[in-house]
Amino acid sequence: MSRSSKAYIAGVYEHPTRKAVDKTIAQLHTEVAIGALKDAGLSKDDVDGYFCDGVAPGLGGLSMAEYMGLDLKYTDSTETGGSSYVVHVGHAMNAIAAGKCSVALITLAGRPRAEGVKSLGARSYGEDLPELGFEAPYSPVVANMYAMAARRHMYEFGTTSEQLAWIKVAASHHAQHNEHAMLRDVVTVEDVVNSPMVADPLHRLDCCVVSDGGGALIVVSPEIAKTLGDRCVKVLGQGEAIKHLNSGRFDLTHTGAVTSGPIAFAEAGVTPDDIDYASIYDSFTITVLETLEDLGFCAKGDGGKFVSDGNLISGSGKLPFNTDGGGLCNNHPGNRGSMTKVIEAVRQLRGEAHPAVQVPDCTLALAHGTGGQISTRMGSATVILGRNDA
Amino acid sequence: MSQPERIYAEPMINMETETYWQGTKDGKLMLKKCNACGETHFYPRAICPHCFSDDTGWYEASGKGTIYTYSVMRRAEIPFVIAYVTLDEGVTMMTNIVECDFDSVEVGQAVEVTFRPTEGDQALPVFRPAN
C-alpha cells in the first residue's frame, strides 16, 4: 500500500565529530546544514523554513539565519530539550502542509566536551524559574532525577538492574559496527551492573555518553520530494506532549510518550506491531524502558522483560533499536539526543544503515525524543516514518 | 547514623513564596490551598494551578509523609539522599532524607519533616525516618 504523507525527510546529516575543540557552535550548525542539503540534493537557496532549538546561538533562529545567510519565510525555535528536533519535524510537516514553506532545515549543534561541561553538573536554567527554590537546594542533577524514576519503576514493577543493563548491551552490539561511535566495545549485563554507581540505582554504563557534534534534517513538500527520488522518507505521523509535576500530584513511571505516541500512531494509521525499527531516546537505560512501555511496545511494567535477552538487538531481537549505538554508545551531541534518533531511522528506511545492523525490508520506523527530566518536567515527541513506498 | 552535614544552597525566594520560607525559619512546613476548589498544590503559587482562582491561602502541613522514590548520591563530596516525599496532605515534594542509614532507606518509608540551615539565613525542609 502507499500511504499519503504531508511531508518527506529528504536529507539527513550527522556530524562525525565527537569533540569539536576547533569549531564554533554556529560553524557546526552550518556544517550539518550543508551536509543535509547535499544529502537531499538541494542547495541553500532552496531553504525557506528554518528550525532550531532555544539554545542555538542568538535569539531563536535570528542569529543563525543571518550567519548562514538564509532567506526565510518560516521559522520555529520550539525548545523542549532533547525532544526538540522530533517536535520540529512535526511542526515542519504542518507548516509545509499549510503552504507556509516547502523546504525546512532543522539543525542541532553543541560542544559540551570542548567547553568542559560536566555530565553531572547542577542544572542552571535561570533565576526566574518558579520551581527553583523548591528544588535546587536539594541538589538534583540529571542522573539522580532519572535514577529516582528507575527506583520507583523497580519498586512498582520489580524491574531489575540486570534488565536495564540489557538496553546498554543491545546498544553496544550495534555500536561495534559504527566507526564514529565513542564506545565500540561490546559489553555484558555483568559489565553494566558492575560499573561504578553514579546515582543509585543507575550505574555508569546506564548513562549516555557526553559528546560534541550535531545533526540536521531537511523536510520537504511532497511535490519537491517527487523531484528528489526514492531516498526521501515519508513523515506519516507525529505527536508531542509536555508532562510536568502537576501541582504535586505525579508519577515517575510514565513519560509524556503516553500522550505523544498515540497521537503519532493515529495520524500514521499504524500500531506498534507495524514498526520494523525504533529509535528511542536513550539518555539513560531507564529512559528507553519507560518509553517502550508508554509507546505500547509492551504493557506498562513489562519493559524489563521486553528488553531482556537481546530483544532490542538487530538481527536477533523482535524490536531492533538504536542501530547506530544511540546515546548510550555512539554520541549525544549537545546533550540532546532526538536529532540522531531521526537520522538513524531515516538510514534504516533507506537501507543505508550499517549492513550488520540493517533491518531487512525496513518499511516503517519510529523515532522518539525525550527532553528535560524524565516524568517531572519533560518534553516527549514521537514521529512515525515510512519508506518511500510505504 | 552520623552523616557529615551538607551545606545547603540558599533557596530563591520571591513574593509568592516568602510565607513558605518564613514558615521554615519558624519550624513549620506551610502549604498553599485553594479556597475556591479546595485543592492543595505544591510548590506554592499566588494563583491556583487547578482552577486559576487567586483565592489561595496558607496552612501548616502535618510534616508527615512517605518516601515516593529516592537516589543515594554516594559519589558526592558529602554523600546524600535525594528523594520525592509524598506528604499526608497528598502532594509530593523534592527533598533530601537526613539522619538515616543510606542502606536502609526504602520506598514507602514513613518520614517526618525537619529543618536545616542554608547558606545565608534561611531554613530548608528535609525529612528523616519517622519514629
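## The hairpin of chain B

In the hairpin of E7(B) and E8(B), five residues lie between the strands, and Gly120(B) takes a positive phi near 80°. Strand E7 (residues 110–117) of chain B runs antiparallel to E8(B), joined by seven bridges. Phe115(B) has Pro125(B) of E8(B) opposite. Strand E8 (residues 123–129) of chain B is mostly covered, with five of its seven residues buried; a residue is buried if 20 or more other C-beta atoms, placed from the backbone, lie within 10 Å of its own, exposed if 12 or fewer, and partly exposed in between.

## Basis of the description

The model is predicted; local features need pLDDT of at least 70 and side-chain atom pairs count only at pLDDT 80 or more, while totals for chains, interfaces and linings use all residues. Residues are numbered from 1 along each chain as its sequence is written, and chains are lettered from A and ligands numbered from 1 in the order in which they are written.

Helices (H or I, at least four residues) and strands (E, at least two) are DSSP runs numbered from the N terminus. Two strands pair if DSSP finds at least two bridges between them.

## Sheets

In chain B, three strands form an open sheet in the order E2-E1-E3, with antiparallel pairing. Strand E2 (40–41) and strand E3 (56–60) of chain B each have a single partner strand and stand at the edges, so one side of each is left without a neighbour in the sheet. Two bridges pair strand E1 (residues 30–34) of chain B with E2(B) in the antiparallel sense, and Lys33(B) stands opposite Thr40(B) in E2(B).

Chain A has an open sheet of nine strands with mixed pairing, in the order E3-E2-E4-E7-E1-E8-E11-E10-E9. Its edges are strand E3 (74–76) and strand E9 (277–280) of chain A, each with a single partner strand, so one side of each is left without a neighbour in the sheet. On average, neighbouring strands of this sheet are turned by 20° against each other, direction ignored. Strand E2 (residues 49–51) and strand E4 (residues 103–110) of chain A run parallel and are joined by three bridges; Gly49(A) has Ala104(A) as its bridge partner in E4(A).

## Helix packing in chain A

Helix H5 (residues 161–175) and helix H9 (residues 285–295) of chain A pack at an angle of about 100°, their axes 9 Å apart. Axes are lines fitted to C-alpha atoms, for helices over the stretch in contact, and angles run from 0 to 180 degrees between N-to-C directions. H5(A) is therefore roughly perpendicular to H9(A) (under 35 degrees counts as roughly parallel, over 145 as roughly antiparallel, 65 to 115 as roughly perpendicular and the rest as oblique). The contact residues of H5(A) with H9(A) comprise six nonpolar, one polar and one charged; Ala, Val, Leu, Ile, Met, Phe, Trp, Tyr, Cys and Pro count as nonpolar, Asp, Glu, Lys and Arg as charged, and the others, Gly among them, as polar.

The axes of H4(A) and H9(A) come within 9 Å and cross at roughly 50°, and these helices are therefore oblique to each other.

## Contact between the chains

The contact takes 26 residues from chain A and 32 residues from chain B, residues being in contact if their C-beta atoms, placed from the backbone, lie within 7 Å. On the side of chain A that touches chain B, H4(A) gives the largest share, six residues. By class, that side has 14 nonpolar, five polar and seven charged residues.

Notes
Two residues are in contact if their C-beta atoms, placed from the backbone, lie within 7 Å.
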